[in-house]
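Take a first walk through this structure. Keep the sequence beside you as you read.

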Amino acid sequence: MLQGKTAVVTGSTSGIGLAIVRAYAEKGANVVINGFGMADEIEYKRKGIEEEFAVKALYSPADMSAPAQIAQMIAEAERAFGSVDVLVNNAGIQHVEPIEHFPIAKWDAIIAINLSSAFHAIRAAAPGMKTRQWGRIINTASAHATIASPFKSAYVAAKHGVAGLTKTAALEFARDHITVNAIAPGYVWTPLVEHQIPETMAARNMTREQVIHDVLLKAQPTKEFVTSEQVAALAVFLASEDAQSITGAILAMDGGWTAH
Ligand code: NAD
């Protein structure tokens, strides 16, 4: 389905991004993996994708808080594979703390990585997509793109921003066969969620079990975590020809959370 196409997935050394990059490779795309981690673990995953799916996989260490590195990552992908056809803006971090104690550096980092990086990557990838008159841009947003939770000011602000960027880019590229959509997952069990448990325990004075059941899954009527593979399956559909008329959409995958 994606043979001959190239997919760049930011923040794909772990969690949702890793599931998406593997799903695209399974469909035949050459992929660019990006994100942080131990060099040997990243190389193991990169090589594993090439061997398992018989595609090419590049690793870009670009820091999504550095605009010049983002532009360079897109340029390198175009040089190596001839095009960037599918761009998934997925890299993200979280910090949980009341506004009056929220570190300013954390606010700046979350806005840069979770929001501005998507702008910079779209800005760099759009000219090539326009020239070829085909493209798929998928932003990993969150249920927090449409609703809020306390103590996540930067994350909620960034994800609402991602929703606005998604809609704006969809309108700008609507005549170029470039679709722009956001996937808005509820809680997915990944390192990002695991890491915020201690902070939430401190912010709300709760035990680990209370955080999992009374904070995280409280919001989700299904009482189940979304899986990275489910998010990846939607990302695959959005990259398909059949998804041509879906653009500017913020697609909830949150076990009914935002139906409240
Ligand atoms: P994760 O921590 O498993 O993965 C985050 C990825 O981003 C990693 O590959 C990490 O190395 C990379 N990253 C972090 N900072 C970076 C930087 N400066 N430059 C480049 N890469 C960087 O987390 P995840 O849960 O898979 O999150 C992926 C996306 O999904 C995020 O945008 C997150 O906000 C969103 N999301 C997650 C959940 C959830 O419950 N896990 C829910 C909704 C949305």
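The paragraphs below take up a pocket, a pair of helices and an aromatic pair. Bear in mind that this is a predicted model.

Start with the largest pocket. Its volume is about 870 Å³. The lining counts 40 residues. Look for N90, A91, G92, I93 and L192, which lie nearest the centre of the pocket. Several helices take part in the lining: α1 (15–26), α4 (104–132), α5 (153–172) and α6 (191–204) each supply at least two residues. Helix α6 gives the most, with six residues. What classes of residue make up the lining of this pocket? There are 19 polar residues, 16 nonpolar ones and five charged ones.

Next, turn to α4 again, this time with a partner. Two packed helices are described by the distance between their axes and the angle between them. Here the partner is α3, residues 67–81, and the axes of α3 and α4 come within 9 Å. They cross at roughly 35°. The crossing of α3 with α4 is right-handed. On the α3 side, the contact uses P67, I70, A71, I74 and E78. On the α4 side, these residues meet S117, H120, A121, A124, A125 and G128. By class, the residues of this contact are seven nonpolar, three polar and one charged.

Finally, look at the aromatic rings. The whole structure holds two aromatic pairs. One of them joins Y187 and W257. This pair is stacked, with 5.2 Å centre to centre and 10° between the planes. Why does it tie together separate parts of the chain? Y187 lies in the loop between β6 (178–185) and α6, and W257 in the segment after β7 (250–253), so the pair links parts that are 70 residues apart in sequence.

Methods: Residues numbered from 1 in each chain as written. Predicted model: local features only at pLDDT ≥ 70, side-chain atom pairs only at ≥ 80, totals over all residues. Heavy atoms only, no water. 1 Å grid on protein atoms, 1.4 Å probe; cavity = no way out; pocket = protein on both sides within 12 Å on 5 of 7 lines; lining within 4 Å. Points joined across faces, edges and corners; volume = space filled by probe spheres on them. Helix = DSSP H or I, 4+ residues; strand = E, 2+ residues; numbered from the N terminus. Nonpolar A, V, L, I, M, F, W, Y, C, P; charged D, E, K, R; others polar. Axes fitted to C-alpha atoms, helices over the stretch in contact; angles between N-to-C directions. Left-handed = near helix turned anticlockwise from the far one by under 90°. Contact = heavy atoms within 4.5 Å. Phe/Tyr/Trp six-rings, centres within 6.5 Å; stacked < 30°, edge-to-face > 60°.
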